[in-house]
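My notes follow in the order I made them.

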Amino acid sequence: MSDCIFCKIANKQIPSQVVFEDDTVLAFKDLNPQAPEHVLIIPKQHVVDSAYVDADHEALVGHCIAVSAKIGEALGLVNGYRLVTNVGEEAGQTVMHLHIHMLGGRRLTWPPG
């Protein structure tokens with residue numbers, strides 16, 4: 001999508017602090033971190049949110065989760081991290097492109113927000 005900020009980041013039209021990239025996924029530091037380590041993991045293919053994931057996207061979404069393990073190790077998050085994806089505005093989704101928040105580097109409380 002031409003007006004999607006995450007598509008522009010994935011296409012290198014907008015700079016980001018990349019922590020991981022391969023052919024299908026890009027992970028970068030969040031500009032408004034909510035934890036010492038806050039990374040956004042996005043598929044390069046535009047998918048609105050997890051409510052739009054179908055059988056064609058299952059491998060892609062699974063790969064996003066698998067990538068989080070590599071990122072966690074690279075960032076030294078040995079005590080754990082949290083993965084969150086929001087679906088829709090009421091849940092707090094502000095960019096309508098599937099993304100997984102990876103939060104770590106401090107004790108995270110429950111319930112969130």
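What volume does the second largest pocket have? I get about 200 Å³ for the second largest pocket. I note that the model is predicted.

Next I listed what lines the second largest pocket. Gly76, Leu77, Val78, Asn79, Gly80 and Tyr81 are among the lining residues, and so are Gly105, Arg106, Arg107 and Leu108. By class I find four nonpolar, four polar and two charged residues in this lining.

I then turned to the largest pocket, which has a volume of about 670 Å³. Its lining has 30 residues, and those closest to the pocket centre are Asp30, Asn32, His38, Leu40 and His101. I looked up which elements give two or more residues to this lining: helix 1 (5-10), strand 2 (25-29), strand 3 (37-43), strand 4 (81-84) and strand 5 (100-104). Sorted by class, the lining of the largest pocket holds 15 nonpolar, eleven polar and four charged residues.

Last I checked the surface. Ile65, Tyr81 and Leu83 form a nonpolar patch there, and together they have about 230 Å² of accessible area. Tyr81 was already in my notes, as a lining residue of the second largest pocket. Leu83 lies in strand 4, and strand 4 is one of the elements that give two or more residues to the lining of the largest pocket.

Terms used: Residues are numbered from 1 along each chain as its sequence is written. This is a predicted model: local features need pLDDT of at least 70, side-chain atom pairs count only at pLDDT 80 or more; totals for chains, interfaces and linings use all residues. Side-chain values use heavy atoms; hydrogens and water are left out. On a 1 Å grid over the protein atoms alone, a cavity is a set of points where a 1.4 Å probe fits but cannot get out, and a pocket is an open set with protein on both sides within 12 Å along at least five of seven lines; lining residues have an atom within 4 Å of a point. Grid points are joined across faces, edges and corners, and a volume is the space filled by probe spheres set on the points. Helices (H or I, at least four residues) and strands (E, at least two) are DSSP runs, numbered from the N terminus. Ala, Val, Leu, Ile, Met, Phe, Trp, Tyr, Cys and Pro count as nonpolar, Asp, Glu, Lys and Arg as charged, and the others, Gly among them, as polar. Patches are made of residues with over 30% relative accessible area and no salt bridge: like charges are joined within 9 Å, nonpolar side chains (Val, Leu, Ile, Met, Phe, Trp, Tyr) within 5 Å. Accessible areas come from the Shrake-Rupley method with a 1.4 Å probe; for residues, only the protein chains shown count as cover. A salt bridge is a side-chain nitrogen of Lys or Arg within 4 Å of a carboxyl oxygen of Asp or Glu.
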